[in-house]
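Hello,

Here is the structure we talked about. Please open it first, then read the notes below it.

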Amino acid sequence: MFNLFTSLADFERDLICERTKADLAAARARGRVGGRPKGLSAEAQIKARAVKSMYALKTHTILEIGRLFHLSRATVYRYLAWLEAK
């Protein structure tokens, strides 16, 4: 009996997976792309450029730059990396 329920559950999971893939393909065909948008917002790009200019002057540490812009240390590094990759 347990094996029967397991096989039915597997079959249902496969159906759900197929439907999901078909729906995603149909959405892509209509021009819709899912997922989180890549990159930074316009406001964040302005902050990133300001952070980079302050960092390039070598007058402030990363921690001080973060405090000035109300950013964490990791976000300051992320902004610098984003500008390097750009």
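The face of α4 that is turned away from its buried side carries the exposed residues Arg73, Arg78, Glu84 and Ala85. Exposed means over 50% relative accessible area and buried under 20%, with partly exposed in between (1.4 Å probe, protein chains only). Helices are DSSP runs of H or I, at least four residues, numbered from the N terminus.

This is a predicted model: local features need pLDDT of at least 70, and side-chain atom pairs count only at pLDDT 80 or more, while totals for chains, interfaces and linings use all residues. Residues are numbered from 1 along each chain as its sequence is written, and side-chain values use heavy atoms, leaving out hydrogens and water.

The buried residues of α4 are Thr75, Val76, Tyr79, Leu80 and Leu83. Seen down the axis of α4, they fall within an arc of 140° (taken from the directions from the helix axis to the C-beta atoms), so they line one face of the helix. An α-helix has 3.6 residues a turn, so residues three or four places apart point the same way.

What covers these buried residues? The cover includes α2 and α3.

The axes of α3 and α4 are 9 Å apart, at an angle of about 95°. Axes are lines fitted to C-alpha atoms, for helices over the stretch in contact, and angles run from 0 to 180 degrees between N-to-C directions. α3 is therefore roughly perpendicular to α4, a term for angles of 65 to 115 degrees. In α3, Ile62, Ile65 and Gly66 meet Arg73, Val76, Tyr77 and Leu80 of α4, where contact means heavy atoms within 4.5 Å.

Regards

Methods. Helix = DSSP H or I, 4+ residues; strand = E, 2+ residues; numbered from the N terminus. Parallel < 35°, antiparallel > 145°, perpendicular 65-115°, else oblique.
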